[in-house]
Amino acid sequence: MELAKVTSKGQITIPIEIRRFLGVKDGDKVMFVQDGNRVVMMNASLNALMELQTAFAGVAEEQGIRDEQDVVDMVKEIRRERSGDTSDKNPEIHR
């Protein structure tokens with residue numbers, strides 16, 4: 001358990017061990033989330049990443065992405081399409 005004193009402006013200093021635990025560095029943002037009768041402080045960037053992971057859960061499977069090479073192949077296909085090259089140099093890629 002760590003304690004922090006609230007200043008007259010409502011500011012606190014987050015104890016070093018809590019900053020390390022959250023991975024919070026100078027300039028980072030933290031968020032406060034009400035959970036019932038408690039308030040939880042979180043690293044805002046990590047929370048956003050977790051929300052994205054949840055939102056995109058299952059998308060790789062839906063797109064047939066099984067490994068890193070599938071991602072590389074997909075990027076190459078997209079780049080080829082954007083450049084206007086419509087030749088089918090890799091017939092295994094059909095998304």
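User: Is Arg66 buried or exposed?

Analyst: This is a predicted model. A residue counts as exposed when its relative accessible area is over 50%. Arg66 has 70% relative accessibility, so Arg66 is exposed.

User: Which residue forms a salt bridge with Arg66?

Analyst: The closest N and O atoms of the pair are 3.5 Å apart.

User: Which residue caps the N-terminal end of helix 4?

Analyst: Helix 4 covers residues 68-82. A side-chain oxygen lies 3.2 Å from the backbone nitrogen of Gln69. That oxygen belongs to the capping residue, Asp67.

User: What is the N to O distance in the salt bridge of Glu17 and Arg20?

Analyst: Both residues lie in helix 1, three residues apart, about one turn of the helix. Glu17 is partly exposed at 42%, and Arg20 is exposed at 58%. Their side chains meet at an N to O distance of 3.0 Å.

User: How many salt bridges does the structure hold?

Analyst: One of them joins Asp35 and Arg38, with the closest N and O atoms 3.0 Å apart. Asp35 is partly exposed, at 42% relative accessibility. The number of salt bridges in the structure is three.

How values were computed
Residues numbered from 1 in each chain as written. Predicted model: local features only at pLDDT ≥ 70, side-chain atom pairs only at ≥ 80, totals over all residues. Heavy atoms only, no water. Helix = DSSP H or I, 4+ residues; strand = E, 2+ residues; numbered from the N terminus. Expected span 1.5 Å × (residues − 1). Polar contact = N/O pair within 3.5 Å; in protein donor to acceptor, adjacent residues only side chain to side chain. Salt bridge = Lys/Arg side-chain N within 4 Å of Asp/Glu carboxyl O. Buried < 20%, exposed > 50% of the residue type's maximum accessible area, 1.4 Å probe, protein only.
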